Amino acid sequence: MKKKVLFQSIFFYFFFIKEVFTAESGGMPQLNPEFWISQIFWLTLTFGILYLALSKLILPKISSNLELRKSKIQENIEAAEKQRKSSEQKIKEYEEIVFKSKLEAKNILKDFKEKTLKNINSKKQALDKQIDEEIKKAEGEINLLKKSAPEKINRIAIETSSELLKKLIGAEVNNSSISAIVEDLSKRNGEKYHDN
Amino acid sequence: MAANPMTQFEVYRIGPEIKIGTFDISFTNASLFMVVSSLAILIIFNLGSKKNLIIPNKIQLLAELSYTFVSKMISDTAGSKAKPYFSFIFSLFMFVLFCNMLGMIPYTFTVTSHIIVTFVLASFIFIGVTIIGFIKHGFGYLKLFVPSGVPIVLLPLIVVIEIISYLSRPISLSVRLFANMMAGHTMMKVFGGFVISLGIVGGWLPLSFSVALTGLEILVAFLQAYVFAILTCIYLNDALNLHH
């Protein structure tokens with residue numbers, strides 16, 4: 001607004017007081033028609049050439065440049081999309097492979113576990129059998145020993161008693177009589193020990 | 001007065017007088033700056049479109065940004081039908097812009113500060129738009145002067161106003177640009193004169209004003225070119241898409 005007022009005051013000032021101007025300019029030079037035709041001519045010429053050059057040569061180039069860039073960018077985006085998809089596919093494949101191998105590893109582990117367990121079990125059974133056999137054998141031996149033990153004890157008892165008698169009495173005692181007594185004693189007491 | 005602020009608008013002959021019949025078409029300082037502006041546009045946009053880099057360099061970016069700027073302006077105001085007129089509006093915008101901007105350089109001549117230049121441009125646009133309107137719509141183009149939804153009582157008045165406003169388009173279009181340019185340049189000259197006359201003591205204030213005005217004038221130079229182009233688009237829109 002200020003600008004307008006200022007401009008108007010300046011404008012009217014120079015418009016009405018003609019003495020301010022030099023003689024040849026005569027007010028606003030814009031209103032002097034001396035060079036109007038020249039200006040129209042040169043404007044038409046320069047603007048015409050400018051328009052022709054821009055519309056026929058330069059603007060189509062810029063437009064095609066822009067189009068080309070657009071299409072190239074589009075292409076790149078599409079290529080990137082494709083690659084992204086393929087990489088996703090690869091990742092899926094990879095995951096599948098990993099999953100499969102994990103499963104395989106699990107199976108192998110399971111098989112191996114079973115195998116080893118079986119092995120251990122069979123070995124254990126064999127060992128158990130062996131142990132059982134050994135135990136049986138030992139028991140047999142023990143039984144044998146047990147069975148033979150009273151006889152031996154009796155014999156030892158007979159021998160020791162005969163020796164004792166010899167030393168005590170100083171005479172030979174008939175072995176058969178001693179043995180009869182011992183056997184009688186052992187039979188009587190034996191029931192206490194041989195209950196098993 | 002030492003420096004008349006209006007002398008900067010004077011047109012003078014450069015070189016010999018050229019006459020065709022009775023018409024004087026001598027090469028003047030105005031013609032010089034028309035040629036300079038056109039050449040500057042052509043050189044810049046030629047450089048900007050020469051190489052087609054995927055990542056544009058500065059001048060290519062400038063050219064492409066201007067292209068998209070004008071193309072967006074047209075498609076926003078006049079729609080897709082205005083595409084054939086793109087190069088005309090582009091050249092018009094660039095020509096006015098470069099004339100305005102070159103006028104901001106000290107000791108240059110502002111082509112667009114002359115009413116005859118802007119009037120020729122505006123009347124060319126006016127005539128062109130009117131012809132396009134009549135070609136596209138025949139006599140139906142006259143419906144432009146009859147807005148829909150107006151009471152019948154008011155219609156004669158409205159039609160007269162519409163016709164006057166339509167006919168005043170070239171005048172308003174040309175005077176707007178010319179007056180803006182002349183006012184700005186005159187004011188800058190006046191403030192420049194104040195700087196000299198007030199001297200080293202009091203000249204600082206008008207000098208700072210001058211600096212601020214230079215910024216403002218550069219803005220105005222762009223804005224007026226933009227307004228000139230966008231009004232052309234709007235007139236074109238009226239002619240192409242008749243729905244008043």
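This is a predicted model: local features need pLDDT of at least 70, side-chain atom pairs count only at pLDDT 80 or more; totals for chains, interfaces and linings use all residues.
**View 1. A:Leu57, a partly exposed residue of chain A.** A:Leu57 belongs to helix α2 (residues 36-169) of chain A; helices here are DSSP runs of H or I with at least four residues, strands are runs of E with at least two, and both are numbered from the N terminus. From A:Leu57 to A:Val98 it is 41 residues in sequence and 61 Å in space, C-alpha to C-alpha.

**View 2. The side of chain B that touches chain A.** Here 43 residues of chain B are in contact with 37 residues of chain A (contact means C-beta atoms, placed from the backbone, within 7 Å). Among the elements that each supply at least two residues on the chain B side are β2 (23-24), α2 (58-78) and α6 (169-202), while α1(B) gives the most, with 10 residues.

**View 3. Helices α4 (residues 115-137) and α7 (residues 204-240) of chain B.** Their axes come within 8 Å and cross at roughly 20° (axes are lines fitted to C-alpha atoms over the stretch in contact, with angles from 0 to 180 degrees between N-to-C directions). α4(B) and α7(B) are therefore roughly parallel, a term for angles under 35 degrees. Look for B:Ile125 and B:Val129 among the α4(B) residues that meet α7(B), whose own contact residues include B:Tyr235 and B:Leu236.

**Reading the labels.** Residues are numbered from 1 along each chain as its sequence is written. Chains are lettered from A in the order in which they are written.

How values were computed. Angles under 35 degrees count as roughly parallel, over 145 as roughly antiparallel, 65 to 115 as roughly perpendicular and the rest as oblique. Two residues are in contact if their C-beta atoms, placed from the backbone, lie within 7 Å. A residue is buried if 20 or more other C-beta atoms lie within 10 Å of its own, exposed if 12 or fewer, and partly exposed in between; C-beta atoms are placed from the backbone.
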